[in-house]
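Here is a short report on a predicted model. Please read it alongside the coordinates.

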Amino acid sequence: MAPGSRLLLLLLSILGAPGLGDPGPLEDVVIDRYYIPKICLREVQMGDFIRYHYNGTFKDGKKFDSSYDRGATVAGVVGVGRLITGMDRGLQGMCVNERRHLIVPPHLGYGSIGVAGLIPPDATLYFDVIMLDIWNKDDKLQITTLSKPERCNRTVENSDFVRYHYNGTLLDGTPFDSSYSKDSTYDTYVGTGWLIKGMDQALLGMCAGEKRSIIIPPFLAYGEKGYGTVIPPQASLVFSVLLVDFHNPRDGVSLQHLEVPPSCKRRAVTGDFVRYHYNGTLMDGTLFDSSYSRNHTYNTYIGKGYIIPGMDQGLQGVCMGERRRVLIPPHLAYGENGAGDKIPGSAVLIFDVHIIDFHNPADPVEIETVFRPEGCNVTTRDRDFVRYHYNCSLLDGTKLFSSHDYEKPQEVTLGANKVIEGLNSGLLNMCAGERRVLIIPPHLGHGESGARGVPGSAVLRFEVELISMEEGVPEGYLFIWHGEPPAGLYEQMDLNKDGEIPPDEFSAFIKAQVAEGKGRLMPSSDPEKVIADMFRNQDRNQDGKITAEELKLKSDEDQEKIHEEL
């Protein structure tokens, strides 16, 4: 009889229905399909190998045999004479998890002989059967793709190392193992004999993030021996698999250039110090770390072993402002041990990186002249007093400061340690009206610690315009003569000839020298303060007047003959 079309002999009188007479001996097996699963992917056919449980009783209910009592299922081949004829017929057409009552007449059971001590001659046998597994020696691996990522640049090949989650059940749905219950992926090589043959084959061609349902026949699983107490002999296995990630031991770092600025004048090399933001994820998208969450860039040297080898390689050649995806195999990341509780052992890591800036400790200030007036003969020198406008930003365009936010330009004496070293250098040799762009590395800026509003180790970009400049005086001087100082200096300074010089006489004399071009004050936005400082230096006993004994040229004090001043 063909499966599915067989006539089921529901002889209710034999089952004891009231009001019907005894029709006499049975001609065939009586089948009662009292439970049929909603989904039946396969029915038992002649030659199939099956596993099932049963209880065997006589008509009076007395049990003569039970697979349950032995604690083991029955396995065998249908239709090849290894079972009693009635069972051979009664099992055909069954689905996995189907339950049947079978009534087997004597001539389809053990006949007039019976089984000594167990089944009397001419006994009608009653079986309660549940089908647990069906397979055939011609079966192949059954793979169903449940979900697959839209992008799949690479699939599993032999010798790859895979990390996957799985639920494992028998064909009847009985669970036997799950990686989820262990809270850890199953990690192994593919195609090298570490897995059962069916799983070795079923994982090939998978993408990271793909889900598959896999049915493995026993001869591609644990076969006749089964496995421990959880997988019986000759059991088909069903796996629901989620591939978390995979790599090959020969893999190097893989780069995806997501966004490269049109202008890339310089690329990072070994020894450069790089500031970058990143999101770090596993291959399944799980975020394990992010610099954005800390609102602080990650700052490090590259190529010197301060970071994992894969990132050391992955940052080589980056441009400022570039966005790059770096895929790092575990042997170039945290290896078999992983890191902390967020990076599992043997995990492939993906970093989405945004380069903020980089520099080398040997970098000078980079100066680009945007505009230089014609006929520029006078340029700034050390100790000159300059007025300038500026805009200061990070290399990613983040605005930090601007002199345009204030009422007047910035003022400073060059070389007086009032501005960062890089800006001081960038303002030298400029003409009034000249405009420059300065790129200042952190060792000539605000260093590793940064400053208020300036991140540590930040490269700074200044747009500067020199408004005006005044010739300065040497360091330590407040006033210098353009020639030799006047003879009889004290007498000339003592305007009323009373033998002492009060502040007003001192100030009047110095202003007259400046007005006549005989000397110059240290440039300042407050010349009165400079003159007051000069007076204070000469009034050595601080009594409010300068005597002839107190008045001395600086050359008399430090024996410097290059300049002479009060």
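## Model and confidence

This is a predicted model: local features need pLDDT of at least 70, side-chain atom pairs count only at pLDDT 80 or more, and totals for chains, interfaces and linings use all residues. Residues are numbered from 1 along each chain as its sequence is written, and side-chain values use heavy atoms, leaving out hydrogens and water.

The chain's average pLDDT (the predictor's confidence in each residue, from 0 to 100) is 91. At least 70 is reached by 94% of the residues. Residues 1-23 stay under 50, with 32 contacts (heavy atoms within 4.5 Å) beyond four places in sequence. Residues 560-564 also stay under 50, with 13 such contacts. Where pLDDT is low, the predicted coordinates should not be read in detail.

## Annotated domains

An unreviewed UniProt entry annotates "domain: PPIase FKBP-type" over residues 47-135, 159-247, 271-359 and 383-470. Such annotations may be inferred rather than shown by experiment. Residues 159-247 are 11% helix and 39% strand (DSSP runs: H or I, at least four residues; E, at least two), with end C-alpha atoms 9 Å apart. Residues 383-470 are 7% helix and 40% strand, and their end C-alpha atoms also lie 9 Å apart.

The UniProt record places "domain: EF-hand" at residues 489-516 and 526-561. Residues 489-516 are 64% helix and 0% strand, with ends 16 Å apart between C-alpha atoms.

## Helices H8 and H9

How do the axes of H8 and H9 cross, and at what angle? H8 (residues 503-515) and H9 (residues 527-538) have axes, lines fitted to C-alpha atoms over the stretch in contact, that come within 10 Å and cross at roughly 120 degrees. That makes H8 oblique to H9 (angles run from 0 to 180 degrees between N-to-C directions; under 35 is roughly parallel, over 145 roughly antiparallel, 65 to 115 roughly perpendicular, the rest oblique).

From H8, Pro503, Phe506, Ser507, Ile510 and Lys511 meet Glu528, Ile531, Met534 and Phe535 of H9. By class, this contact has 6 nonpolar, 1 polar and 2 charged residues (Ala, Val, Leu, Ile, Met, Phe, Trp, Tyr, Cys and Pro are nonpolar; Asp, Glu, Lys and Arg charged; the others, Gly among them, polar).
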